[in-house]
Amino acid sequence: MSKNDIKIALIGNPNTGKTSLFNQLTGLNQKVGNYPGVTVDKKLGKSKLSATQNAIITDLPGTYSINPTSLDESIVLKTLLKKDIAASPDVILVVADVENLKRNLLLFSQIKDLEIPTVLAINMVDQMNRKGISIDLSLLKKELNTEVVLISARKNEGIQDVKEAIIRCHVVAKASPLCGINSKIDPDYFENLKKISPNYSLYELWLMVTQNNYPDTITKEEKEKLLSFKKDVPKLKKYQHKETIYRYQEINKILKKTYIVDKSKAKDLRSRLDKIFTHKIFGYAIFFLILLIIFQSIFDIASVPMDFIDGIFAELANFTRNSLPEGVFTDLLTEGIIPGIGGVVIFIPQIAILFLFIAILEETGYMSRVVFLMDKIMRRFGMNGKSVIPLISGTACAIPAIMATRTISSWKERLITILVTPFTTCSARLPVYAILIALIIPDTKILGFLNLQGLVLLLLYALGFASAILGAYILNKTLKIKARSFFVIEMPNYKLPSFKNVFYEVVEKTKAFVFGAGKIILALSVILWFLASNGGDEFKNAEQTVIAKVENQNLSQEEIQQRIASTKLEKSYIGMLGKSIEPAIKPLGYDWKIGIALITSFAAREVFVGTLATIYSVQADDEDTTTIKQKMASEINPDTGKKQFNFPVGISLMVFYAFAMQCMATLAIVKRETKTWKWPLIQLFGMAFLAYVSSLLTYQILS
Amino acid sequence: MNTIASLNIGEIGYISEESLEIIPLKLLEMGCLPGAEVELIQQAPLKDPIYICVNGSHLAIRKETAAIIQILKSEI
Ligand SMILES: Nc1nc2c(ncn2[C@@H]2O[C@H](COP(=O)(O)OP(=O)(O)OP(=O)(O)O)[C@@H](O)[C@H]2O)c(=O)[nH]1
Ligand SMILES: [Mg+2]
């Protein structure tokens, strides 16, 4: 970053296309979605405004005004009140939605009063015709006394105009307030406020008083004076109300001259769709149907490519074994790395389908309808309608989901949502469920069209949601936090999903899944393979011991080799480790090999299958390499002589994964968002306990 | 007294001037201004929450909030 770069902050109401514009300006691919509260943190990017001028752009969460009521909104206030040269913006780019310009201008008028150079970008102008809107641009510029540009971030129109306007605005670097709040409300009062310091604009001082948020540069003396203004709280409130009304009056005056809507032209798709999607009966039925379709598709569509990938990796291991000279390195590849990586890659189709559906739900505007439908239910359990967004997007990953709780204004509701979000079935659990369901649930159709495996998967998701809600209920009753609950959300327009947004969303998330899990499993599979192929004296003598033992048993050469391999594995380091925890997990139906996979899963759940694949490959040690599914299906429990992955074990494992908090990254993010280790630790131990007890009960009852 | 909570689906009311001090600031900022036209678009079971259109903004609010905002059935 050079000193000459212009620092630009993107500010605007939620869902007006700030991030879309940010992506166009910077070439990045930040998440875009059609509901308020997609962006909840600031994000920086670089942009080339002209041949000689670069800019650093900050994308910010959306907000309706500079008076924040939730964490994401307060990020905007903090950015604006910062006075250090390095961080405070040189130019503010306000992004407004052309359809609701009036409300968008409220925020604009507040920003303008901060006396920072401001450019107004009116976005979504591609919708103007359809909605019968026309704007007198040159008059609007004059009335607002700023640069105004019409753009369509989605269609990449007007971006060049924005860049030029920013440069012009930066050069002039002068700004005057739009509304000048003082004279209309209480001239004396605001005159006194202004006298406190010449270093700040009147509106900045007013914000410090009303928001109790001060820049670092404020002196002790100034702060004391400001505090004296805070004494009369009802008066402050009254003045804030008056200020808002006054701003709207001024805006109305300006828009009357410059902004015309031909109501007869506005085709109303929204109201027709809302009649069904938010209907008090059909609304819920449709929501359930959508969920059903998603989980059915995960099994129906994904099973073919999944088996295909599974086969490819088996072939690859085979090919590698045959074409490379025998040796440690070849073993590491064919028994460690290839099966381990295969255990992640195989799930790409399922994960991608899940991400595709979530992206479509987010882009159409349907998400907010679900928030509306669920608020009452969520409230009963100590959460908020807005908790639905973390719970649904948590089916992809708990980390962004927990960040998304920032839009919930009540701390208690937010904390509860953070604590229960890890119960929702995230995409890392999907691999575990998918492979176990494929092993223990027959692939049949019920009622002729419902895939039984898909139905079981739906049940597991339902289990996740149900435990989240139940957990919330208990937390709501036990947590002694006083917080006022308030709920208002904006219902966005329905939109056809933009292909580009959906595509990037799916690609980025799938990439993150594959590389995230891939890195872990790559390292783990090397370690696992090493620990499984080495051991102490007993390991080294395994061959003699077995041969001596089976001398008189008349076994075929093949069977003897098999015994040697499995004895070796048992006596290897990993075997010793696994055996030491076996007593604890035997009552749940697991052997020590599954135990190892449980341990590695604490790094990340999705490595469960890869871990088993590696262990079973070392154990098989034979020439013809089989697929992961076959390996798991043919694994025999030595105690019973029956299949290891039978019905009770499979169910017990799925229950374990449904409840256990096996994700370091989530714990770290909970620590960050709650600012203490207390809550992540409660989550970790609470959920582990729940997982252990439930799997124990499940297995003991079923077997 | 009529409030937003007493509207039926499709019905229209006008926020009364008396409500000014009661309306939460956030709602005011989102366009719930005295004098503004409010239409009830949809309601969840038990009329809570409700989905309204006011001043061009489509909002979902809870019954408890809707019940404190007084309205007139005809324009002032
Ligand atoms: N029709 C149309 N849609 C747009 C345009 N720009 C953005 N959108 C859509 O508007 C929605 C919101 O876009 P975002 O860029 O996520 O908006 P945001 O302001 O960053 O939203 P928050 O982060 O939630 O405050 C998405 O569905 C976009 O595809 C545009 O120019 N025309
Ligand atoms: Mg955004």
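Student: OK, how many residue pairs are in polar contact between chain B and chain A?

Tutor: 22 residue pairs, both residues at pLDDT 80 or more. This is a predicted model, where local features need pLDDT of at least 70, side-chain atom pairs count only at pLDDT 80 or more, and totals for chains, interfaces and linings use all residues. Residues are numbered from 1 along each chain as written, chains are lettered from A and ligands numbered from 1 in written order, and side-chain values use heavy atoms, leaving out hydrogens and water.

Student: What area is buried between chain B and chain A?

Tutor: About 3100 Å², with carbon and sulfur atoms giving 59%. Buried area here is the accessible area (1.4 Å probe) that two parts lose on being put together, summed over both. On the chain B side, B:Lys26, B:Glu29 and B:Arg62 lose the most area to chain A, together 24% of what that side buries.

Student: And how many salt bridges across that interface?

Tutor: The rule finds 4, a salt bridge being a side-chain nitrogen of Lys or Arg within 4 Å of a carboxyl oxygen of Asp or Glu. A:Lys376 forms a salt bridge with B:Asp48, with the closest N and O atoms 3.6 Å apart.

Student: Switching topic: what are the protein donors of the magnesium ion, ligand 2?

Tutor: A:Thr19 and A:Thr39, each through OG1, lying 1.9 Å from the ion. A:Thr19 sits in helix H1 (residues 18–26) of chain A and A:Thr39 in the loop between H1 and strand E2 (43–48), 20 residues apart. Helices (H or I, at least four residues) and strands (E, at least two) are DSSP runs, numbered from the N terminus. Donors are N, O and S atoms within 2.8 Å of the metal (3.2 Å for Na, K and Ca); water is not among the atoms, so sites may look incomplete.

Student: Are A:Thr19 and A:Thr39 buried or exposed?

Tutor: Both are buried, meaning under 20% relative accessible area, with exposed over 50% and partly exposed in between (1.4 Å probe, protein chains only).

Student: Which residues of A are linked in a network of salt bridges?

Tutor: A:Asp41, A:Arg406, A:Arg414, A:Arg672 and A:Glu673. Elsewhere, A:Asp307 and A:Lys629 meet in a salt bridge at 3.2 Å, N to O. That pair links helix H13 (residues 282–323) with helix H29 (residues 628–634) of chain A, 322 residues apart.

Definitions and conventions:
Polar contact = N/O pair within 3.5 Å; in protein donor to acceptor, adjacent residues only side chain to side chain.
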